[in-house]
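Here's a quick briefing to read with the model open beside you.

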Amino acid sequence: MSDPVHDAGAPAIEVADLTVAYGDTPVLWDVDLDVRRGSLTAVVGPNGAGKTTLIRAVLGLVKPAAGTTLVLGRPYASQRRLVAYVPQRGSVDWDFPTDVLDVVLMGRYGRLGWARRPGRDDRDAAHEALAQVGMDAYARRQISQLSGGQQQRVFLARALVQDAEVYLMDEPFQGVDATTERAIVTLLRELRARGRTIVAVHHDLQTVAEYFDDVALLNVRRIAAGPVDEVFTEENLRATYGGRTALFPGAAGA
């Protein structure tokens, strides 16, 4: 596989005319989306809107019926070392017999290849990442023995050791306590300050304006996308969710 390439003029993520269907049912329909580099971007929409499918399509985990996705100007297959992924916590088999340090070290395999064993530098990087998320003291704890918030911190540490350019996160705040949520937000802002791009599927409308720079409103189709202060409006939220706009107190103009 060729080395990843930074196309300086390209968006961090570029989605064009993307359609994904499961059987005869479209989950995403003709979606266009550019994610600007160095941004914190939320993907927001109701259940069944295609938010997770969008992330999975960028990662090549689902095959589109039409359209393309690019990462830093190139197909994901040639850029995978530049991308870190944090899946939904509920999609992981937490009973798998492994400890915290080994889970984090999995984030180094993109650099090592599966045939090489992690060395001292890799272990040092893993411990540093665990320290960043407040979990280094749990390095030898079985992953199944952790709370939901602790498990989420470990998955963030695994993403950190990849030293990626683009971070894709599916509901990173789901099921975590307030302390963990604040720690995650601080970490995401630190990544942004280092020029990294973060795209997160997010469900809490009241924190979108506080946590994110940009937002993509999705309900099978793209409703709107862009800076939060321009796009996260009562009108766009009503188009995305329907119902009473009083449900969306964080929206501009609400």
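Of the contacts in this predicted model that link residues at least 6 apart in sequence, 67% join residues at least 24 apart. The chain has 254 residues, and 49% of them count as buried. As for secondary structure, you'll find nine helices and nine strands.

**Helix H1**
- Helix H1 covers residues 51-58, and because six of its eight residues are buried, the rest of the structure largely encloses it.
- The buried residues in H1 are Lys-51, Thr-53, Leu-54, Ile-55, Ala-57 and Val-58.
- Have a look at Gly-60 too: this residue follows H1 and has a positive phi, near 75 degrees.

**Pro-87 and its loop**
- Pro-87 sits in the loop that runs between strand E5 (83-86) and helix H2 (100-105).
- Is Pro-87 buried or exposed? Its relative accessibility is 9%, so it counts as buried, the cut-off for that being under 20%.
- Pro-87 and Thr-52 are separated by 35 residues in sequence, yet their C-alpha atoms are 9.0 Å apart in space.

**Thr-19 in strand E1**
- Strand E1 takes in residues 13-22, and Thr-19 is one of them.
- With a relative accessibility of 11%, Thr-19 also falls in the buried class.
- Which backbone atom does the side chain of Thr-19 reach? That would be the backbone nitrogen of Asp-30, at 3.0 Å.
- If you skip the neighbours within four places in sequence, Thr-19 is in contact with Leu-28, Trp-29 and Asp-30, and also with Pro-64, Ala-65 and Ala-66.

**Helices H5 and H6**
- Helix H5 (residues 148-160) packs with helix H6 (residues 178-193) at an angle of about 10 degrees, and their axes are 10 Å apart.
- That angle makes H5 roughly parallel to H6, since anything under 35 degrees counts as such.
- The crossing of H5 past H6 is left-handed.
- On the H5 side, the contact is made by Gly-149, Gln-152, Arg-153, Leu-156 and Leu-160. On the H6 side, Thr-179, Thr-180, Ala-183, Ile-184, Leu-187 and Leu-191 take part.
- How many residues of each class does the contact of H5 with H6 have? There are six nonpolar, four polar and one charged.

Conventions. Residues numbered from 1 in each chain as written. Predicted model: local features only at pLDDT ≥ 70, side-chain atom pairs only at ≥ 80, totals over all residues. Heavy atoms only, no water. Helix = DSSP H or I, 4+ residues; strand = E, 2+ residues; numbered from the N terminus. Buried < 20%, exposed > 50% of the residue type's maximum accessible area, 1.4 Å probe, protein only. Polar contact = N/O pair within 3.5 Å; in protein donor to acceptor, adjacent residues only side chain to side chain. Contact = heavy atoms within 4.5 Å. Axes fitted to C-alpha atoms, helices over the stretch in contact; angles between N-to-C directions. Parallel < 35°, antiparallel > 145°, perpendicular 65-115°, else oblique. Left-handed = near helix turned anticlockwise from the far one by under 90°. Nonpolar A, V, L, I, M, F, W, Y, C, P; charged D, E, K, R; others polar.
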